[in-house]
Amino acid sequence: MLWRFAKPKSPLAPLFQRGEATYAAHWGAVCSAQNGDSKHHASPFEKGGLRGICLFILLLTSNQATASTPCQPLPEIQQRLEQLARGWHSTLALETGYAPPARYTVCQLKSGLPFADHKLKRIYIRGLASENDEITLAHEYLHLAFSHHPRGHDEVFIEAMARRLVGVL
Ligand SMILES: [Zn+2]
């Protein structure tokens with residue numbers, strides 16, 4: 001999920017898009033990051049308030065955790081991503097936690113915010129028509145490529161790296 005889209009809205013905004021298993025996973029990650037020893041420095045609001053919001057969201061989404069979004073593949077974008085990922089490899093190989101996914105699928109996003117499904121190794125995006133879409137594609141790919149490391153849940157790191165890879169830092 002993209003913070004740059006989510007930020008101007010309320011932290012609850014994604015909840016009202018669609019209740020997906022991935023949201024439970026994502027919010028679980030956001031929540032556990034608050035409690036971990038990551039570099040993220042939580043504001044007083046985040047330290048107290050976010051934890052409560054997280055519990056609330058996890059309660060609401062956990063009963064939908066068995067559902068997964070069907071995948072309508074986007075082979076052209078998938079091919080483009082594979083090509084891009086080969087170019088990114090030398091940069092990413094220097095980064096702790098990088099483990100490129102052997103297989104993954106790029107799927108058509110029908111509604112809500114773009115996201116990556118760690119379990120099914122899927123990326124859901126709307127399309128690839130602008131530089132912003134390319135950053136989104138890189139962002140969601142990075143969630144998969146760092147999924148076995150805490151950095152994979154660090155939205156600040158993921159977004160900064162996505163912008164660096166696309167060349168807009
Ligand atoms: Zn994200």
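Modeller: Helix H6 comprises the twelve residues 155–166, and at 1.5 Å a residue it should span 16 Å, which agrees with its end C-alpha atoms being 16 Å apart; the expected span is 1.5 Å times one less than the number of residues, and helices (H or I, at least four residues) and strands (E, at least two) are DSSP runs, numbered from the N terminus. Within H6, Glu155, Phe157, Ile158, Met161, Ala162 and Leu165 are buried, a residue being buried if 20 or more other C-beta atoms, placed from the backbone, lie within 10 Å of its own, exposed if 12 or fewer, and partly exposed in between. Just after H6, glycine 167 takes a positive phi of about 85 degrees.

This is a predicted model, in which local features need pLDDT of at least 70 and side-chain atom pairs count only at pLDDT 80 or more, while totals for chains, interfaces and linings use all residues. Residues are numbered from 1 along each chain as its sequence is written. The chain averages a pLDDT (the predictor's confidence in each residue, from 0 to 100) of 76, and 60% of the residues score at least 70. Over residues 5–47 the pLDDT is below 50, and this stretch has 60 contacts in the model beyond near neighbours in sequence, a contact being two residues whose C-beta atoms, placed from the backbone, lie within 7 Å.
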